[in-house]
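Biologist: I have a two-chain model open and would like to learn how to read it. Could you take me through a few features, one by one?

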Amino acid sequence: MTALLVLLLALIVLMSSAALLVVRSPMHGAVNLGVTLLALGILFLVLGAPFVAALEVVLYVGAILVLFLFAIMLLRTPVQPEPEARWRSGFWWPVILVLLLAAVVILLFTRPPPLLTVIREIGPVIIGRALFGPYMWLTEAVALLLFAVIGAVLAVHRREGHDA
Amino acid sequence: MTLFLMALGMLLTTVVLLGLAGFLVFAERRVLGLLQNRHGPNRLGPFGIGQALADALKLMSKENFVPAFADPVLYRAAPVLVAFSALASFAVVPLDRGFSWAGDWNIGLLFILAMSSLNAYGVFLGGWASGSKFALLGAVRAVAQLVSYELPLGLALLAVVLLSGSLSLNGIVQAQWMPYIVLQPLGFVIFLIAGVAETHRLPFDLPEAESELVAGFNTEYGGMRFGYFFLGEYLGLTLIAVLAAALYLGGWHGPWLPGWIWMLIKTFAVIFIFFWLRASLPRPRYDQLMALGWKILLPLSLLNLLCTAFAAALWRLG
């Protein structure tokens, strides 16, 4: 059951990320990216990492993709009916690649490596203990980096003389 | 057999929630009537309660058509996304002790935040795919508003998580030996304001401000597709109210009455506040909305979190 789900999700990820490369409209690309990220999130969930799955959706879909959307909208791309034929003709190559990769994945998962039998759920508590235990200084360093980014933005704004 | 029962239960839950959303539309009109000293819909059935059914029938019997200038796939997908994300969030909401689908899930609160960001996508894609200026402007406003108010909302929730030491809604309710509204008055107010903005209800309904944008992101929608947006909005409102009841008002805890009745009373009390706000407050300008979110609510919620963390550390040491 789990193996089937993983395969299906992998297929969705591959298809939508391949479609991301060939669709014409940037908005459709963004939607495909969103589907990819969602499927990745569910994949994390199935593989026993609910916290990472939730963060994947909250951060990547909920924040980063929104930035893409804003960029696309500022480019003022109008909605236009697409020429269907080109889309179909351009879609065959990724399909073949996806089939190949799917075959690889199937081979990977049907061979003995007991990957799926040892799934152990890593909940938020374990991640928190790790982040603020052995990796505390690294976490703080990343936080400092974020602070530096804010400072940099502020400094640039000051120099241009239109700080709010 | 178990699978079949589960499917049946989920169907039942969905039907109940849809019925609740329909009832809320009617209840809102009656409450608004009460507050504005007029009657509201009172013709169909006792107290006019059949109005909800009539509205639903009207929406369902209308034609579902896609405008020629719209993006057909996304135009069809967006309303479903809105309704789905609102419905899915209810899976982690506990109605009573041990009475929920996934109330014990250890990322319950994060799941709700994730679903609310999906909800933003539904609104945005609907507005963009409509291919008209009003809808696009509404969608831009909706996304900016949702992103801006998700931060204070999340930070207010973080303080609750810090106090209870759990991300699951069951765990948070169980940890409340006294309602967290007493320990987190500021957090509760921030949560409520950000919640109103997240569901783009009045007074923060700028994405669909009818005096400027016709109907905003759902201008081009009609029939049941519009109905989905409507459902999403009222389910989102119910979700924020249920969350306020579970996270700040003590959930199912309460004397004498059974737990689920307490939960319902608290939820409907918060929903009533939402209706009341709608009747009392005018809509702000868009820049005022943004300024409130970034310059007031965000620093306040950070301060709230800092104070909570400090107090929790002191309490643990002492």
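Biologist: Let's start with contacts in chain A: what share of those between residues at least 6 apart in sequence join residues at least 24 apart?

Modeller: Two residues are in contact if their C-beta atoms, placed from the backbone, lie within 7 Å. In chain A, 68% of the contacts between residues at least 6 apart in sequence join residues at least 24 apart. Before we go on: this is a predicted model, in which local features need pLDDT of at least 70 and side-chain atom pairs count only at pLDDT 80 or more, while totals for chains, interfaces and linings use all residues. Residues are numbered from 1 along each chain as its sequence is written, and chains are lettered from A and ligands numbered from 1 in the order in which they are written.

Biologist: How many helices and strands does chain A have?

Modeller: Helices (H or I, at least four residues) and strands (E, at least two) are DSSP runs, numbered from the N terminus. Chain A has seven helices and zero strands, and 20% of its 164 residues are buried. Buried means that 20 or more other C-beta atoms lie within 10 Å of the residue's own.

Biologist: What do the buried residues of helix 3 of chain B pack against?

Modeller: Helix 3 (residues 72-89) reaches 27 Å over its 18 residues, close to the 26 Å expected. Among its buried residues are B:L74, B:Y75 and B:P79. The buried residues of helix 3 pack against helix 2 (26-46) of chain A, along with helix 1, helix 4 (108-129) and helix 10 of chain B.

Biologist: How many residues of chain B are in contact with chain A?

Modeller: 22 residues of chain B are in contact with 16 of chain A. Helix 4 of chain B gives the largest share of chain B's side, 11 residues. By class, that side has 18 nonpolar (Ala, Val, Leu, Ile, Met, Phe, Trp, Tyr, Cys and Pro), one charged (Asp, Glu, Lys and Arg) and three polar residues (the others, Gly among them).

Technical notes:
The expected span of a helix is 1.5 Å times one less than its number of residues. A residue is buried if 20 or more other C-beta atoms lie within 10 Å of its own, exposed if 12 or fewer, and partly exposed in between; C-beta atoms are placed from the backbone.
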